[in-house]
Amino acid sequence: MAIEVRIPTILRTYTDGAKAVDASGGTLEELIGDLESRHPGLRARLVDEGKLRRFVNVYLNDEDVRFLGGLGTPVADGDTVTVLPAVAGG
Amino acid sequence: MLTISRELVDQIVAHAREDHPDEACGVIAGRDGVPERFVRMENAERSPTFYRFDSMEQFRVWRDMDDRDEEPVVIYHSHTATEAYPSRTDVSYASEPYAHYVLYSTEFDQFRSFRIVDGVIEEEEVKILESNG
């Protein structure tokens, strides 16, 4: 068992075009660390100065992790993590 | 070039006018680059100078598109006091390289479309398909 991470189009250059990749970890932060070891460069697109970037939304199953525990949110095998670019502008 | 039906153009314009002076926003889902299904989104900022999709609404809409094998072909929003040209903030957030970024200015009644890739804005021609009858 692993945690499925769904990758948006713009970040698939880091995953050889894969729409979803597997990763493991006990928290979202550990999961992103594991992703980074297999897909170098991905972490910097998600995290900046120890916080999630405001340009991305990260969901655990169907909840926005900002409303859970941010990078400290616990994750477990069988969960799905979805990354979407935030859509915003002026 | 963006090829889009008159009906979808009218829906964007109507939404923009309805929410004026706040910015309106939404997506048009479709396949193979053809815009088909109009999805108006809530502007979580409710602001005349900024827009942001509500993250939970976006999650549901993106999952629907995924289930239907659709893509966000058009991402639109309105400007309510300035021209229909991407602002610096629009460019910094633009992260769908295959989307047509459509802007409609309620102030100037302008409908324009752009590609925004790696911070570079490229305007494109808009071809509107008139419906018959």
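Helices (H or I, at least four residues) and strands (E, at least two) are DSSP runs, numbered from the N terminus. The exercises below use that numbering on a predicted model.

**Exercise 1. Confidence**

Task: State what scores the model carries, and what the mean pLDDT of chain B is.

Solution: 
- Start with the whole model. It scores ipTM 0.92 and pTM 0.93.
- Then take chain B. Its mean pLDDT is 96. A value of 70 or more is reached by 98% of its residues.

**Exercise 2. Chain A as a whole**

Task: Work out which elements make up chain A and how its radius of gyration stands against the globule rule.

Solution: 
- Count the elements. Chain A has two helices and eight strands.
- From the N terminus the pattern is β-β-α-α-β-β-β-β-β-β.
- Compare with the rule. The radius of gyration of chain A is 12 Å, close to the 12 Å that the globule rule gives for 90 residues, so chain A is as compact as a globular protein of that length.
- The C-alpha trace of chain A spans about 40 × 30 × 25 Å along its principal axes.
- Look at burial. Of the 90 residues in chain A, 31% count as buried.
- Finish with contacts. Take those in chain A with a separation of 6 or more: 48% of them come from residues 24 or more positions apart.

**Exercise 3. Chain B as a whole**

Solution: 
- Count the elements. Chain B comes to three helices and nine strands.
- Read along the sequence. The order is β-α-β-β-β-α-β-α-β-β-β-β.
- Apply the rule. For 133 residues the globule rule gives 14 Å, and the radius of gyration of chain B is close to that at 14 Å, so chain B is as compact as a globular protein of that length.
- Along the principal axes, the C-alpha trace of chain B spans about 35 × 35 × 30 Å.
- Look at burial. Buried residues account for 38% of the 133 in chain B.
- Finish with contacts. Among those in chain B between residues at least 6 apart in sequence, 62% join residues at least 24 apart.

**Exercise 4. Strand β6 of chain B**

Task: Decide whether strand β6(B) is enclosed or open, and find which strands pair with it.

Solution: 
- Locate the strand. β6(B) covers residues 100–105.
- Check burial. Five of its six residues are buried, so β6(B) is largely enclosed by the rest of the structure.
- Take one partner. Strand β5(B), residues 71–79, pairs with β6(B) in the parallel sense over six bridges. Tyr76(B) has Val102(B) as its bridge partner in β6(B).
- The chain leaves β5(B), passes through helix α3(B) at residues 88–93 and reaches β6(B). This β-α-β crossover is right-handed.
- Take the other pairing. Strand β7(B), residues 110–117, is antiparallel to β6(B), with five bridges. Here Leu103(B) is bridged to Arg112(B) in β7(B).
- Inspect the turn. β6(B) and β7(B) form a hairpin with four residues between them. Asp109(B), in that turn, has a positive phi of about 50 degrees.

**Exercise 5. Backbone exceptions**

Solution: 
- Recall the background. Most residues other than glycine have a negative phi, and most peptide bonds are trans.
- Pro21(B) sits in the loop between α1 (6–19) and β2 (25–31) of chain B.
- Turn to Glu49(A). Its phi is positive, near 50 degrees. Glu49(A) has 5 other C-beta atoms within 10 Å; the exposed class is 12 or fewer, so Glu49(A) is exposed.
- Turn to Arg46(B). Its phi is also positive, about 40 degrees. Arg46(B) counts as exposed because it has 12 C-beta neighbours inside 10 Å.

**Exercise 6. Leu129(B)**

Solution: 
- List contacts. Beyond neighbours within four places in sequence, Leu129(B) touches Thr3(B), Ile4(B), Ser5(B) and Arg6(B).
- Take one distance. Met65(B) is 64 residues away along the chain, and the two C-alpha atoms are separated by 24 Å.

Terms used: Residues are numbered from 1 along each chain as its sequence is written. Chains are lettered from A and ligands numbered from 1 in the order in which they are written. This is a predicted model: local features need pLDDT of at least 70, side-chain atom pairs count only at pLDDT 80 or more; totals for chains, interfaces and linings use all residues. Two residues are in contact if their C-beta atoms, placed from the backbone, lie within 7 Å. pLDDT is the predictor's confidence in each residue, from 0 to 100. A residue is buried if 20 or more other C-beta atoms lie within 10 Å of its own, exposed if 12 or fewer, and partly exposed in between; C-beta atoms are placed from the backbone. The radius of gyration is taken over C-alpha atoms; the globule rule is 2.2 Å times the number of residues to the power 0.38. Two strands pair if DSSP finds at least two bridges between them. A crossover is right-handed if, with the strands pointing away from the viewer, the path from the first strand over the helix to the second runs clockwise.
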